[in-house]
Amino acid sequence: MSASAAVAVHSLWTTAAEPAAVDKIGAPAIEYAQLAPVLIVVGAAVVGVLLEAVVPRRARYYAQVFLTVVALAAAFAAVVALAVGGHATTKAGIVAMGAIAVDGPALFLQGTILLTSLVAVFTFAERRLDPAHHGHRVDSFAAEAAAVPGSDHEKAAVKAGFTTTEVFPLVLFAVGGMLVFPAANDLLTLFIALEVFSLPLYLLCAVARRKRLMSQEAAVKYFLLGAFSSAFLLFGIALLYGYAGSVSYARIADVVDGSVADITPALAQTMGNDVLLLIGFAMVLMGLLFKVGAVPFHMWTPDVYQGAPTPVTGFMAAATKVAAFGALLRLLYVVLPGLRWDWRPVMWGVAIVTMLAGAIVAITQTDIKRLLAYSSIAHAGFILAGVIAATPDGVSSVLFYLGAYSFVTVGAFAVVTLVRDAGGEATHLSKWAGLGRRSPLVAAVFAVFLLAFAGIPLTSGFSGKFAVFKAAAEGGAGTLVVVGVISSAIAAFFYVRVIVLMFFSEPKPEGPTVAVPSPLTMTTIAVGVAVTLALGVAPQYFLELAGQAGVFVR
């Protein structure tokens, strides 16, 4: 080989340098036992999707109902085991590489979400309210969700006895997201949990068997407005990351307080930029207030509550509120206690407008589901009064109120599913006239729920409102309590109006009938009444439980 050829060949490689010491990427340390409630629910949801693929159509309904109930019950047992093991108090900590907090508020809210969802799932499984079609029992959901409403394809699906059993895995995915949402310990986990529980809800809103077009319209409105709120939340997360150089709650809180030790030159430049902090925080807050249904981010609530299948409305109204308020509490109390003087005036305004608007607009409603939607908006305002207290009593009162409110809501919507005419559910208020004479038991049960919403003594609503208003007054928000009491008085008017309509009006000859449900819906309503009365007559144990669970870990 010539010298020039050798040079040409050798120019194709170079000698290797000494191998540098490379730090290996360590495997993440995941505390599976402490994440058990979430893992059980998400695992069951995945199994539910597989069941849709492999189980024969006629057996899917029973398999899915069994799987869903067992998964929710097992996840609740896991939450109780964690709480008994001290993870709500002395062993509280941050798990999953800093992504999720396991502490008192997280476990209390997760337990509430799981119990509420378990009770709500019974209304999803109800198949006795509508008359059988072509010899097949039917539920509240479309025979085939992908079929065009009224098309030959849909008629063929109804005739064949198809059912949309996919709703059960969707519920489990939604519950899985809701379990993570109030426990999220960084902003990215918060956003992912939001999407995981929002997307199934958008789908569930669109699959009503009756009034399909209204149901699909509700789902589209919810999806579009939800996408806007998610965009605001994500933009806010980006700005907060730009401000603090981290998405971790504890790190952002340290930067806000000025107590961070390792300040890089890049962080030093952004830390002084309060514009990033305030705009970012405002956008994240908007995303959470949308989920809560607070004014002025409430526009989706009445249309979605009215158009969605009623079992979905009950589930969504109860569980979503619990998850969203849990996330809001953690954000305000863990991330932004140093900004209390900035966020409290804003939240004051939101709470006042929410209470008054919800109560006043509800008076004009003629549809029972829209009335309950505006009622939920007013209740969001009452709960915000406890959030604003910014004290340990404020946290425990909000936890108690959420637990009490969720069962009343699920029970009330379960009763709405029973009152039916030829077109399905009779939700117009005029149809409820004289219901107390036609079906005294159903009317009496609904009256109990309405009195709880109104906050009448000996119901859970009174105990919850008293706890929240007491915490707000002691936290220096006395004016807010006065507005809350006035709003409660306004709200009591339309609750009592419905009771008067049911018991003191003559029933119309062409009025609706009250369907006799299966033991599933009976269980939902019975649990709702039992919890409503138990938390009203003897709330002390549950208030103490909420008090013990009211300390966040950071």
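Predicted model: local features only at pLDDT ≥ 70, side-chain atom pairs only at ≥ 80, totals over all residues.

Biologist: Why are helices H15 and H20 called roughly antiparallel?

Modeller: H15 (residues 368-388) and H20 (residues 478-504) pack at an angle of about 160°. Angles over 145 degrees count as roughly antiparallel, and H15 and H20 are therefore given that description. Their axes are 11 Å apart, and the crossing is left-handed.

Biologist: Which classes of residue make up the contact of H15 with H20?

Modeller: The contact has nine nonpolar, five polar and one charged residues. Among the residues of H15 that take part are Leu 371 and Phe 382, while those of H20 include Phe 494 and Arg 497.

Biologist: What makes the pair of Tyr 61 and Tyr 62 edge-to-face?

Modeller: The ring planes stand at 80°, and planes over 60 degrees apart count as edge-to-face. The ring centres are 5.0 Å apart, within the 6.5 Å required of a pair.

Biologist: How do you know whether Tyr 61 and Tyr 62 are buried or exposed?

Modeller: Tyr 61 has a relative accessible area of 9%; buried means under 20%, so Tyr 61 is buried. Tyr 62 has 56%; exposed means over 50%, so Tyr 62 counts as exposed.

Biologist: What makes the aromatic pair of Tyr 222 and Trp 300 stacked?

Modeller: There are 10° between the planes, and planes under 30 degrees apart count as stacked. Tyr 222 lies in helix H8 and Trp 300 in helix H12, so the pair ties together parts that are 78 residues apart in sequence.

Key. Residues numbered from 1 in each chain as written. Heavy atoms only, no water. Axes fitted to C-alpha atoms, helices over the stretch in contact; angles between N-to-C directions. Helix = DSSP H or I, 4+ residues; strand = E, 2+ residues; numbered from the N terminus. Parallel < 35°, antiparallel > 145°, perpendicular 65-115°, else oblique. Left-handed = near helix turned anticlockwise from the far one by under 90°. Contact = heavy atoms within 4.5 Å. Nonpolar A, V, L, I, M, F, W, Y, C, P; charged D, E, K, R; others polar. Phe/Tyr/Trp six-rings, centres within 6.5 Å; stacked < 30°, edge-to-face > 60°. Buried < 20%, exposed > 50% of the residue type's maximum accessible area, 1.4 Å probe, protein only.
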